[in-house]
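Have a look at the structure first, then go through the notes.

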Amino acid sequence: MFAEFAFPIFEQSIKTYHIIDDVYQPVVNPYEKGTIEYLLFAKNWVDTVQWHYEDIVRDPNIDPVAALDLKRKIDASNQVRTDMVEYIDSYFLDKYKDVQVKPNAKINTESPAWAIDRLSILALKIYHMNEEATRAEATAEHRAKCQEKLNVLLDQKNDMFTSISQLIEEIEAGDKYMKVYKQMKMYNDEELNPVLYQNKK
């Protein structure tokens with residue numbers, strides 16, 4: 001039940017972030033470095049900070065220089081997020097390295113860690129939709145609409161718990177196998193992004 005294990009850690013990260021609610025605050029990870037709990041907390045913290053970067057950059061009155069700085073922070077954050085997903089997949093690869101894969105085993109469209117990544121984002125959606133559904137100064141109509149959306153998100157959470165558990169069980173049984181593709185992001189790479197490598201000439 002890895003999803004059920006991970007989700008409260010995501011919630012803890014989100015609640016910890018919102019105590020100060022500042023994208024520039026330092027992360028205070030309560031878990032021991034090197035543990036999967038530490039990695040899950042750190043992963044969600046990156047997602048939470050990026051969520052708020054995305055809010056800030058959409059301010060119609062934002063200074064263009066500040067917007068450009070935020071865009072670069074979002075790009076860097078995306079790279080960290082991708083790296084962390086790969087670290088989580090490394091955890092699964094090591095955990096199930098001795099599983100005998102069956103000859104008719106199938107591959108999944110996404111690895112366990114990318115499913116966990118979507119669960120981390122879902123935890124953020126639930127937190128913020130709940131804020132809107134209970135916002136005192138909002139209209140009753142607004143709160144009702146947000147509650148409807150929150151109910152859908154909670155239903156999605158239960159479905160994700162089930163589907164992630166099924167995927168991991170199938171990997172454990174050798175009915176599915178993991179194949180991790182290192183993400184080849186091109187926009188930060190001076191050798192692959194035409195704008196960057198043309199500027200080097």
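Predicted model: local features only at pLDDT ≥ 70, side-chain atom pairs only at ≥ 80, totals over all residues.

Residues are numbered from 1 along each chain as its sequence is written, and side-chain values use heavy atoms, with hydrogens and water left out.

**Overall layout**

- The chain has six helices and two strands; these are DSSP runs numbered from the N terminus (helices are H or I with at least four residues, strands are E with at least two).
- Taken along the principal axes, the C-alpha atoms fill a box of roughly 60 × 55 × 30 Å.

**α1 against α2**

- Helix α1 (residues 2-20) packs on helix α2 (residues 36-57) at an angle of about 50°, and their axes are 8 Å apart. Axes here are lines fitted to C-alpha atoms, for helices over the stretch in contact, and angles run from 0 to 180 degrees between N-to-C directions.
- That angle makes α1 oblique to α2 (under 35 degrees is roughly parallel, over 145 roughly antiparallel, 65 to 115 roughly perpendicular, and the rest oblique).
- α1 passes α2 in a right-handed crossing, the term used if the near helix is turned clockwise from the far one by less than a right angle.
- Contact means heavy atoms within 4.5 Å; on the α1 side the residues include F2, F5, I9 and F10, and on the α2 side L40, F41, W45 and V49 are among them.
- By class, this contact has twelve nonpolar, seven polar and one charged residue. Ala, Val, Leu, Ile, Met, Phe, Trp, Tyr, Cys and Pro count as nonpolar, Asp, Glu, Lys and Arg as charged, and the others, Gly among them, as polar.

**α2 against α4**

- α2 also packs on α4, at about 55° with the axes 10 Å apart, so the two are oblique to each other.
- Their crossing is right-handed.
- Among the residues in contact are L40, K43, D47 and W51 of α2, and I116, D117, L124 and K125 of α4.
- The classes here come to five nonpolar, five polar and four charged.

**α1 against α5**

- The axes of α1 and α5 come within 8 Å and cross at roughly 130°, so these helices are oblique to each other too.
- F2, A3, E4 and F7 of α1 meet K157, F161, I164, S165 and I168 of α5.
- This contact splits into six nonpolar, one polar and two charged residues.

**The largest pocket**

- The largest pocket has a volume of about 210 Å³. A pocket is an open set of points on a 1 Å grid over the protein atoms alone, where a 1.4 Å probe fits, with protein on both sides within 12 Å along at least five of seven lines. Grid points are joined across faces, edges and corners, and the volume is the space filled by probe spheres set on them.
- Of its 18 lining residues (those with an atom within 4 Å of a point), T109, E110, S111, K179 and Y181 are the closest to the centre.
- α3 (64-95), α4 (112-133), α5 (140-172) and β2 (176-177) each supply at least two lining residues.
- The lining divides into nine nonpolar, four polar and five charged residues.
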